[in-house]
Amino acid sequence: MDSAISDPHNGSAEAGGPTNGTTRPPSTPEGIALAYGSLLLMALLPIFFGALRSVRCARGKNASDMPETITSRDAARFPIIASCTLLGLYLFFKIFSQEYINLLLSMYFFVLGILALSHTISPFMNKFFPASFPNRQYQLLFTQGSGENKEEIINYEFDTKDLVCLGLSSIVGVWYLLRKHWIANNLFGLAFSLNGVELLHLNNVSTGCILLGGLFIYDVFWVFGTNVMVTVAKSFEAPIKLVFPQDLLEKGLEADNFAMLGLGDIVIPGIFIALLLRFDISLKKNTHTYFYTSFAAYIFGLGLTIFIMHIFKHAQPALLYLVPACIGFPVLVALAKGEVTEMFSYEESNPKDPAAVTESKEGTEASASKGLEKKEK
């Protein structure tokens, strides 16, 4: 998981494009400000809209849109798994040809990117289809076994509108595959981030603290302790980071001196912010205090990261600044409002867990029976 923010500029040969043995001309202050501001804006969009969509996702009944719930055990193991993955990629790039590895990764992310982008734009595109559009429903179902032992492997429901979105996303995919253009990279990166915030749900605030705390240590170690993360981020030709050229004003769309932000710095704080939005809604006070507080904390943390990086001219582990801000600000607000107990006792069940489904059904049946009793009285 790439989670560093990097700033290759002022003649550095560490930028995304080829240098051919020459140093780059210094980036202008305007170009640097534009790149930083654009990265900040691009980071905020998937968090904001992904959090809103996570609320609908949590209430949805469509099996294809069911969220994946992260438990405390998952959160504790995640930094270890991420470290092994990161180190494995680093060794692969050292041992094998970077060209062939990136070719395989490009094909893999080509498919994933098309699916993610299609899922992202589908709600927006539905507004542009006329009422007379012939929309048919489809279901992709793969099962294993037979009779009572039959088990669903894939159960995906879609319609004709989704196929149109898939076709449009494929155009972006081909553009990315052929050109590796930074705009196509960012479209896929934004789609991955939004889908991550929407579909990855923390089951409670304590789990979120465990996840963010573990990745805080992970990020600091791999950025400050080694050159592994920065090396992988710059060798890995895949949409796992958002990039924006600092020489856009000089070279236009063909600019190649990029500042970059890892998707981990968006998705990891983003799923915690989305959890706080759902917690706000559970309080039924018609306010989104904790969501807006954590959202402002994210802006503060990422802004501080960019400032420190610009001052010291060195890649920064963004979670070093984001984690204390995104956890600390909402907890301080909860302390001030006397809602710390409510915050840490808030729990979300896994909709894919049969026990949770059974419990939900029993609760619905109980509510229905109470309603019937009141009518009879």
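1. Lys251 is partly exposed in this predicted model, with a relative accessible area of 43%. The side chain of Lys251 meets that of Asp256 in a salt bridge, at 3.4 Å from N to O. Asp256 is buried, at 18% relative accessible area. The cut-off for buried is under 20%, so Asp256 at 18% falls on the buried side of that cut-off.

2. Glu348 and Arg278 form another salt bridge, with 2.5 Å between N and O. Glu348 sits in the loop between α12 (340-345) and α13 (354-376), while Arg278 belongs to helix α9 (residues 264-283), so the pair ties together parts that are 70 residues apart in sequence. Are these two residues buried or exposed? Glu348 is buried, with a relative accessible area of 13%, and Arg278 is buried as well, at 5%.

3. A salt bridge also joins Asp74 and Arg77, whose closest N and O atoms are 3.2 Å apart. Why can these two side chains be paired within one helix? Asp74 and Arg77 are three residues apart in helix α2 (residues 72-95), so about one helical turn separates them. An α-helix has 3.6 residues a turn, so residues three or four places apart point the same way. Asp74 is partly exposed, at 28% relative accessible area, and Arg77 is partly exposed at 44%.

4. How many salt bridges does a search of the whole structure find? The search finds eight. Arg53, Arg56 and Glu198 are linked in a network of salt bridges.

5. The next point concerns α4. This helix (residues 160-179) has 20 residues, and its first and last C-alpha atoms are 29 Å apart, close to the 28 Å expected at 1.5 Å a residue. At the start of α4, a side-chain oxygen of Asp159 comes to within 3.2 Å of the backbone nitrogen of Lys161. After the helix comes Lys180, which has a positive phi near 55°.

6. Which residues of α4 are buried? They are Thr160, Lys161, Cys165, Ser169, Val172, Gly173 and Tyr176. The cover over the buried residues of α4 includes the helices α3 (98-125) and α5 (182-199), together with the strands β3 (137-144) and β4 (151-159).

7. An unreviewed UniProt entry lists residues 33-55, 75-93, 100-121, 199-224, 258-277, 289-312 and 318-336 under "transmembrane region". Two of these spans can be set beside the model. Residues 289-312 are 100% helix and 0% strand, with the end C-alpha atoms 34 Å apart. Residues 199-224 are 81% helix and 12% strand, and their end C-alpha atoms lie 31 Å apart.

8. Some totals for the chain follow. The chain has 13 helices and eight strands. Buried residues account for 46% of its 377 residues. Among contacts with a separation of 6 or more, 76% are between residues 24 or more positions apart. The accessible surface is about 19,400 Å², and carbon and sulfur atoms supply 64% of that surface.

Key: Residues are numbered from 1 along each chain as its sequence is written. This is a predicted model: local features need pLDDT of at least 70, side-chain atom pairs count only at pLDDT 80 or more; totals for chains, interfaces and linings use all residues. Side-chain values use heavy atoms; hydrogens and water are left out. A salt bridge is a side-chain nitrogen of Lys or Arg within 4 Å of a carboxyl oxygen of Asp or Glu. Helices (H or I, at least four residues) and strands (E, at least two) are DSSP runs, numbered from the N terminus. Buried means under 20% relative accessible area, exposed over 50%, partly exposed in between (1.4 Å probe, protein chains only). UniProt positions are given in the numbering used here, feature names are shortened, and annotations may be inferred rather than shown by experiment. The expected span of a helix is 1.5 Å times one less than its number of residues. Contact means heavy atoms within 4.5 Å. A polar contact is a pair of N or O atoms within 3.5 Å; within protein, one must be able to donate a hydrogen and the other to accept it, and residues adjacent in sequence count only if both atoms are side-chain atoms. Accessible areas come from the Shrake-Rupley method with a 1.4 Å probe; for residues, only the protein chains shown count as cover.
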